[in-house]
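Subject: Handover of a structure and summary of findings

Dear colleague,

Please find below the structure that I am passing to you.

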Amino acid sequence: EAKLMAGEYAGFSVPRPTDQEKAAVRELMFTHACFVVSALDERFPQADLVHSFRIFYPSSYRDVDSLVQHRQLLDFGQTDLSKLADHFGGSKTPSEGDEIEPMVDKDCLSEEFSRFKSFMHGNKPLGSFLYQRQVVSKEGDLTEEVEEIPFREFFKAQYPTLRQLFPNLLILMQISLIIPMTSVDCERGFSTMNRIKSKLWNKLSNYVLDRLMRISISKFSIS
């Protein structure tokens, strides 16, 4: 490293770049970075929609106390909720096949989300919650214990209650859990499509091809 700083490396002379060359490299890197960001935005146009699921992350409520102090809790996450409601609360009409009904009740989401924010604020919004449960002691007495458990375990324990309080929000949470984190599923889908839509089956419609691919990928038995 010292030799490199001195202008020499592995027996070769390394000329020091001029200020003009450094500026040219920085400009080239900036142009390339802008191009990459633009290509990603074009390749993944719904990235902003995926980002809207952050309203369900416990870490998003770490500053909820300051939001309450500034009376901004009611406005927190409304923009993200509107994006999710518009996408999943409306019917879809594919080019082929039946119309896809809305997955959530768009009109109920706002009310549920208001109660959800109060629920998150009323509990511990730092990744863990206080869970009260009934325990039978050795003497046979029924007592109540309060323990601090992770957010995930809390939702598992309280799922029946939460399903009644936030039925539509839970659907959105479940959707967020099945979003693939890599492109492996997409590549697997292309491989499946190439196996099914062969030269002998090249007349398959998109509707039939979609159903056959779903059966193949999910390993669903039709027998």
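Predicted model: local features only at pLDDT ≥ 70, side-chain atom pairs only at ≥ 80, totals over all residues.

**The chain as a whole**

The chain has 223 residues, of which 22% are buried. Its accessible surface comes to about 17100 Å², and carbon and sulfur atoms account for 56% of that area. Among contacts with a separation of 6 or more, 54% are between residues 24 or more positions apart.

**The nonpolar core**

The largest nonpolar core has 23 residues, and Phe56, Phe116, Leu169 and Leu172 have the most contacts inside it. At least two residues of this core come from each of helix H5 (78-88), helix H6 (106-122), helix H7 (151-157) and helix H9 (167-177).

Which residues does Leu169 contact, once its neighbours within four places in sequence are left aside? They are Phe56, Leu81, Leu109, Glu112, Phe113 and Phe116.

Leu170 is also found in helix H9. With a relative accessible area of 6%, Leu170 is buried, because the cut-off for that class is under 20%. Not counting residues up to four places away in sequence, Leu170 touches Phe155, Tyr159, Leu162 and Arg163. Leu170 and Tyr159 are 11 residues apart along the chain, and their C-alpha atoms are separated by 9.2 Å.

**Around Ser52 and Asp80**

Ser52 has its place in the loop between H3 and helix H4 (64-69). Its relative accessibility is 0%, so Ser52 counts as buried. Apart from neighbours within four places in sequence, Ser52 is in contact with Asp80, Lys83 and Leu84.

Asp80 also takes part in a salt bridge: its side chain meets that of Arg54, at 2.8 Å from N to O. Asp80 lies in helix H5 and Arg54 in the loop between H3 and H4, so this pair ties together parts that are 26 residues apart in sequence. As for accessibility, Asp80 counts as buried at 7%, whereas Arg54 counts as partly exposed at 36%.

**Salt bridges within helices**

A search of the whole structure finds 6 salt bridges. In general terms, side chains of opposite charge can pair when their charged atoms come close.

One of these salt bridges joins Arg188 and Asp185, whose closest N and O atoms are 2.7 Å apart. Why are Arg188 and Asp185 separated by about one helical turn? The reason is that they are 3 residues apart in helix H10 (residues 184-196). Arg188 counts as partly exposed, at 42% relative accessibility, and Asp185 is likewise partly exposed, at 43%.

Another salt bridge is formed by Asp210 and Arg214, with the closest N and O atoms 2.9 Å apart. These two residues are 4 residues apart in helix H11, and therefore about one helical turn separates them. An α-helix has 3.6 residues a turn, so residues three or four places apart point the same way. Asp210 counts as partly exposed at 26% relative accessibility, while Arg214 counts as exposed at 54%. Together with Arg211, Asp210 and Arg214 are linked in a network of salt bridges.

Helix H11 (residues 206-218) has 13 residues. From its first C-alpha to its last, H11 reaches 18 Å, close to the 18 Å expected at 1.5 Å a residue. H11 is followed by Lys219, which has a positive phi near 55°.

Which residues make the nonpolar surface patch of about 390 Å²? The patch is made by Phe35, Val36, Leu40 and Phe44. Of these, Phe44 lies in the loop between helix H2 (19-43) and helix H3 (47-51). Phe44 counts as partly exposed, because its relative accessibility is 44% and that class lies between 20% and 50%.

With kind regards

Technical notes:
Residues numbered from 1 in each chain as written. Heavy atoms only, no water. Patch = residues over 30% accessible without salt bridge, like charges linked within 9 Å, V, L, I, M, F, W, Y side chains within 5 Å. Areas by Shrake-Rupley, 256 points an atom, 1.4 Å probe, with all protein chains shown as cover. Salt bridge = Lys/Arg side-chain N within 4 Å of Asp/Glu carboxyl O. Buried < 20%, exposed > 50% of the residue type's maximum accessible area, 1.4 Å probe, protein only. Expected span 1.5 Å × (residues − 1). Contact = heavy atoms within 4.5 Å. Core = buried A, V, L, I, M, F, W, Y, C linked by side-chain atoms within 4.5 Å.
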